[in-house]
Amino acid sequence: MDTTTNTGTASVWAGEGKLASEGAIVTPVYNSVTFGFEAMDDWFDVALGKKPGHIYSRNTNPTVRPLEDKIRILDGGEEATSFSTGMAAISNTLFALLKAGDRVVSIKDTYGGSNKVFIEFLPRMQVEVHLCDTSDFAAIEREVSKGCTVLYLETPTNPTMKIVDIERLAKAAHAVGAIVVVDNTFNTPVNQRPLALGADLVVYSATKYLNGHSDAMGGLVVGRKSLVDRIYHYREITGASLHAQPASMIVRGMKTLELRMLRHNENGMAVARFLAGHPKVDQVFYPGLPEHPNHAIAKKQMHGFGGMLSFSLKGGFDSVVVVLQSLKLAHKAASLGSVGTLVGPPRTTSHVELSAQERADAGIPEGLIRYSAGIENADDLIADLEQALARA
Ligand SMILES: *Cc1c(COP(=O)(O)O)cnc(C)c1O
């Protein structure tokens, strides 16, 4: 069967479907570090890449491979590889593609950990990093046109949900021969497929929506085979490999990916609409609202607006503390993209790595609440927010 046509079908079947040992219909967890051979010729052929197979789990593993195939098919990429965390996927991708003397262009609003790679580690490698104002596409195009090896984008951004025009900026990057990398963690292939918009590589924290249950960490990279092969080789040597156990949990989580994302989209929209009409709320940041400054671009490049939003309170940080304390249907915790609603101020979650000054420079109000709408009943989430806001 063609598992690539519909996302719902691909979520369940892609990369799997063949019966495993003893006729198991579920991908077994191969907790084996190494793989043995009866015939020496087989061993040599697999080791030399002449025959498919597995040698050692730092390189490949039969539980991890179906996960890589699943994301490859869902995103429409040529090749995919995996990592122990999302940050391992992002840092290994950048370290594999860049060398001293290269130039990388990105935006100021990337995920806090990615921002640290840009401002701390890449400069140490003599890579020149230029971080542009996220919403000024003309300025990004100007920087890119000066020449760069990598254009690194993330959209929507964390935590103020800015939208970046992937198609427009990918064109500018390709005009100077740059590689376009997009962090698609907030969307998953259900809501946005960057490769179809011109990206060369897509990176994920699988810890978030792909796994979806806040019980396993992982990272994935998917895209052009020649590039993924270079990144795989770097990871094979530096060793931030994904283990079989979390891979099996992520594969299980991904079977309900489309179902969950459709519900996250509905709940994100319902909660954003409610907050936009609330007298104690100052601003709501959600790309699905028509008043979002880049709603038109979001509508063009996204198939759904997701479950992530943020909002600021007129009462400032004191009100933030009261509202957070009063919410019952939300874990007050870092992370996002889980079946259960997660809530927190960016200064203890996505941007905990930044100083107060760095957060201010990034335009993140200290009185902001980031809200990752889960898959609960939307009316219940709204009633919970209503009672918490009443105390603020
Ligand atoms: C969480 C996150 C990451 C990092 O992923 P880890 O699995 O925590 O290492 C990267 N990018 C985005 C957008 C994220 O939300």
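Pro156 sits in the loop between strand 4 (150–154) and helix 7 (166–175). Helices (H or I, at least four residues) and strands (E, at least two) are DSSP runs, numbered from the N terminus. The model is predicted: local features need pLDDT of at least 70, side-chain atom pairs count only at pLDDT 80 or more, and totals for chains, interfaces and linings use all residues. Residues are numbered from 1 along each chain as its sequence is written, and side-chain values use heavy atoms, with hydrogens and water left out.

**The loop.** Pro159 is also found between strand 4 and helix 7. Met161 has its place in that loop too. Most residues other than glycine have a negative phi, and most peptide bonds are trans. The table lists the exceptions here.

| Site | Feature | Value |
|---|---|---|
| Thr155–Pro156 | cis peptide bond | omega about -10° |
| Asn158–Pro159 | cis peptide bond | omega near -5° |
| Met161 | positive phi | phi near 55° |

**Overall form.** The protein has 15 helices and twelve strands. Its radius of gyration is 21 Å, close to the 21 Å that the globule rule gives for 392 residues, so the protein is as compact as a globular protein of that length. The radius is taken over C-alpha atoms, and the rule is 2.2 Å times the number of residues to the power 0.38. Along the principal axes, the C-alpha trace spans about 75 × 50 × 35 Å.

**A helix pair.** Helix 4 (residues 86–97) packs against helix 5 (residues 112–124) at an angle of about 35°, with the axes 10 Å apart. Axes are lines fitted to C-alpha atoms, for helices over the stretch in contact, and angles run from 0 to 180 degrees between N-to-C directions. The crossing of helix 4 and helix 5 is right-handed (the near helix is turned clockwise from the far one by less than a right angle). Helix 4 contributes Met87, Ile90, Ser91, Leu94 and Phe95 to the contact, and helix 5 contributes Gly113, Ser114, Val117, Phe118, Phe121 and Leu122. Contact means heavy atoms within 4.5 Å. By class, this contact has eight nonpolar, three polar and no charged residues. Ala, Val, Leu, Ile, Met, Phe, Trp, Tyr, Cys and Pro count as nonpolar, Asp, Glu, Lys and Arg as charged, and the others, Gly among them, as polar.

The largest pocket has a volume of about 480 Å³. Its lining has 23 residues, and the closest to the centre are Gly49, Gly53, Asn59, Thr60 and Tyr232. On a 1 Å grid over the protein atoms alone, a pocket is an open set of points with protein on both sides within 12 Å along at least five of seven lines; a cavity is a set where a 1.4 Å probe fits but cannot get out; lining residues have an atom within 4 Å of a point. Grid points are joined across faces, edges and corners, and a volume is the space filled by probe spheres set on the points. Helix 9 gives the largest share of the pocket lining, six residues. The lining divides into nine nonpolar, six polar and eight charged residues.

**The cavity.** The structure holds one cavity of 30 Å³ or more. The largest cavity has a volume of about 50 Å³. Its lining includes Asn59, Thr60, Glu68 and Arg235. By class, the cavity lining has two nonpolar, six polar and two charged residues.
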